[in-house]
Structures are given as C-alpha cells and as structure tokens.
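Colleague: I would like to learn how to read a model like this one. Could we go through it feature by feature?

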Amino acid sequence: PEQAAIAVPASARLERCRAAALPALEIADTGPGIAPAERAQVFERFFRGSAAAASGQPGSGLGLAVVKALAEAEGATVALTDAPGGGTRVTLRFPAP
C-alpha cells in the first residue's frame with residue numbers, strides 16, 4: 001500500500017542454546033499483517049492471505065515461498081511474527097559461518 005513502510009535491519013543475535021552469535025536478517029513492514037492462522041500457508045506457492053486479497057494490491061503469492069526455498073537451500077530458517085506497531089516481521093536466521 002502507498003502508506004506502508006519496510007525496514008531491513010541486519011544483526012547477529014545470540015541464540016539461547018548456542019554460545020556464538022548467528023547472523024540474522026529481519027524485514028518488517030507496516031502493512032495489514034498476516035493472520036496467525038494463515039502464517040503456515042504463506043510459504044505455499046500462490047497463497048495470498050485474506051488481508052492481501054482484500055487490499056486489492058496485485059500479487060502472485062510467490063514471494064515468501066521463494067524466500068523459504070532460498071533460505072533452506074542455504075541452511076537458514078524463516079519465521080514470521082507481528083511487527084511492532086502492526087504489520088509483519090520476517091526473520092531469517094543463518095547457520096554459523
């Protein structure tokens with residue numbers, strides 16, 4: 001949407017079960033967010049959540065499916081959470097170098 005913003009901070013975070021910091025990449029937006037019940041489905045090709053479909057914004061439903069495939073190919077994990085203030089935060093955690 002026109003008024004939405006996207007932030008992309010990169011950091012190394014200390015994992016609770018490991019002694020070393022792991023590289024992480026977070027992408028957060030201020031859009032309508034993704035309903036918790038739909039979070040597992042957003043990684044399926046061509047899935048568009050109810051908020052995306054209702055917004056009238058164009059899209060194919062491939063974005064997060066591609067992100068997950070590329071992340072897994074590199075040994076990374078992908079997680080979705082609510083972004084502070086609304087929207088969605090996507091976090092990629094990469095294995096230790």
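Modeller: Start with Ser55, which counts as partly exposed at 37% relative accessibility. Buried means under 20% relative accessible area, exposed over 50%, and partly exposed in between, using a 1.4 Å probe and protein chains only. This is a predicted model, in which local features need pLDDT of at least 70 and side-chain atom pairs count only at pLDDT 80 or more, while totals for chains, interfaces and linings use all residues. Residues are numbered from 1 along each chain as its sequence is written, and side-chain values use heavy atoms, with hydrogens and water left out.

Colleague: Where is the place of Ser55, and what does the side chain of Ser55 reach?

Modeller: Ser55 sits in helix 1. Helices (H or I, at least four residues) and strands (E, at least two) are DSSP runs, numbered from the N terminus. The side chain of Ser55 reaches the backbone nitrogen of Gln57 at 3.1 Å. That is a polar contact, meaning a pair of N or O atoms within 3.5 Å; within protein, one must be able to donate a hydrogen and the other to accept it, and residues adjacent in sequence count only if both atoms are side-chain atoms. Sequence distance is another matter: Ser55 and Gly31 are 24 residues apart along the chain, and their C-alpha atoms are separated by 9.9 Å.

Colleague: How many helices and strands are there in the protein chain, and in what order do the elements run?

Modeller: The protein chain has two helices and five strands. Read from the N terminus, their order is β-β-β-α-α-β-β. The chain has 97 residues, and 25% of them count as buried.

Colleague: How do strand 4 and strand 5 run, and how many bridges join them?

Modeller: Two strands pair if DSSP finds at least two bridges between them. Here six bridges join strand 4 (residues 77-82) to strand 5 (residues 88-93), and the two run antiparallel. For one of these pairings, take Ala79, whose bridge partner in strand 5 is Thr91. The two strands form a hairpin with five residues between them, and Gly85 in the turn has a positive phi of about 85°.

Colleague: Which residue other than glycine has a positive phi?

Modeller: Phe46 has one, near 70°. Phe46 lies in the loop between strand 3 (21-29) and helix 1 (50-55). With 56% relative accessibility, Phe46 is exposed.

Colleague: Which residues make up the largest nonpolar core?

Modeller: A nonpolar core is a set of buried Ala, Val, Leu, Ile, Met, Phe, Trp, Tyr and Cys residues joined through side-chain atoms within 4.5 Å. The largest one here has nine residues: Ile34, Val42, Phe43, Phe47, Ala71, Ala76, Leu80, Val90 and Leu92. Contact means heavy atoms within 4.5 Å. Setting aside neighbours within four places in sequence, Phe47 is in contact with Glu38, Gln41, Val42 and Gly61.

Colleague: How many salt bridges does the count come to?

Modeller: A salt bridge is a side-chain nitrogen of Lys or Arg within 4 Å of a carboxyl oxygen of Asp or Glu. By that rule there are two. One joins Arg39 and Asp82, with the closest N and O atoms 2.3 Å apart. Arg39 lies in the loop between strand 3 and helix 1 and Asp82 in strand 4, so the pair ties together parts that are 43 residues apart in sequence. Arg39 is buried at 18%, whereas Asp82 is partly exposed at 48%. The other pair is Lys68 and Glu72, whose closest N and O atoms are 3.8 Å apart. These two are four residues apart in helix 2 (residues 63-73), and about one helical turn separates them.

Colleague: Is Thr88 buried or exposed?

Modeller: Thr88, at 8% relative accessibility, counts as buried. Thr88 belongs to strand 5, and its contacts beyond four places in sequence include Ile27, Gly33 and Leu80. The side chain of Thr88 reaches the backbone nitrogen of Ile34 at 3.3 Å.

Colleague: Which residue has a side chain that reaches the backbone nitrogen of Thr88?

Modeller: Asp29 does, at 3.0 Å. The side chain of Asp29 also reaches the backbone nitrogen of Gly31, at 3.2 Å. Asp29 is in strand 3 and is partly exposed at 27%.
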